[in-house]
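Please walk me through this structure in the viewer. Tell me what to select at each stop, and what is there.

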Amino acid sequence: MRKAKPKKRVILPDPVFGDSKVTKFVNHMMYDGKKSISFDIFYKSLDILKDKMKDEEKEALDIWKEALDKITPQVEVKSRRIGGATFQVPTEIRPDRKESISMKNMINFARKRSGKSMAEKLAAEIMDAYHEQGGAYKRKEDLHRMAEANRAFAHFRF
């Protein structure tokens with residue numbers, strides 16, 4: 001590579017839980033630099049989650065983290081052109097990219113839901129992911145199925 005790798009930026013922990021993972025999630029959810037609105041949406045969705053899942057003995061933040069873990073893909077397929085043919089080559093995903101993909105999937109599928117506010121839609125998507133259903137979980141399963149189907153091309157890895 002010609003240029004030096006850019007330095008990783010330090011992401012500050014969020015004000016309520018003191019967790020940098022929450023800040024990353026909020027940064028992905030943010031539109032036009034409106035971070036405070038994004039934080040409000042996230043905290044409201046956790047409150048809704050706490051109300052709806054009273055039977056669970058876990059905290060809302062732990063439920064959110066477990067839901068993120070359940071929709072985190074382990075492998076993905078990348079297109080690789082070899083001799084005029086394009087193959088879908090399954091590759092493992094770097095840990096930071098895994099986290100990013102799972103957060104983006106959760107946010108995108110929450111936005112696509114029908115519902116009143118973004119906080120309610122996000123809470124519903126978190127609950128579905130926690131119960132291993134919903135759009136984000138289905139997306140992870142589809143990725144894994146595609147990688148499994150193209151396992152024969154794994155030797156083309158780059």
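**Stop 1: a buried lysine**

Select lysine 21, which sits in helix H1. Bear in mind that the model is predicted. Lysine 21 is buried, yet has no salt bridge. Its nearest side chain of opposite charge is aspartate 69, 4.1 Å away. A salt bridge would need a nitrogen-to-oxygen distance within 4 Å. Now show what lysine 21 contacts beyond four places in sequence: Trp64, Leu68, Asp69, Glu99 and Met103.

**Stop 2: the core**

Next, select Phe25, Phe42, Leu49, Trp64, Met106, Leu122 and Ile126. Within the largest nonpolar core, which has 30 residues, these touch the most other members. Colour helices H1 (20-29), H2 (35-52), H3 (60-70), H4 (95-112), H5 (118-130) and H6 (135-149): each gives two or more residues to this core. Zoom in on leucine 49. Setting aside residues up to four places away in sequence, leucine 49 touches Ala60, Ile63, Ala123, Ile126 and Met127.

**Stop 3: helix H5**

How many of the 13 residues are buried? Twelve are, so H5 is mostly covered. Among the buried ones are Lys121, Glu125 and Asp128. Show H1, H2, H3, H4 and H6, which are included in that cover. After H5 comes glutamate 132, with a positive phi near 55°.

**Stop 4: an exposed arginine**

Finish with arginine 145, in helix H6. Arginine 145 is exposed, because its relative accessible area is 52% and the cut-off is over 50%.

Note on methods:
Residues numbered from 1 in each chain as written. Predicted model: local features only at pLDDT ≥ 70, side-chain atom pairs only at ≥ 80, totals over all residues. Heavy atoms only, no water. Core = buried A, V, L, I, M, F, W, Y, C linked by side-chain atoms within 4.5 Å. Buried < 20%, exposed > 50% of the residue type's maximum accessible area, 1.4 Å probe, protein only. Helix = DSSP H or I, 4+ residues; strand = E, 2+ residues; numbered from the N terminus. Contact = heavy atoms within 4.5 Å. Lys, Arg positive; Asp, Glu negative; His and termini not counted.
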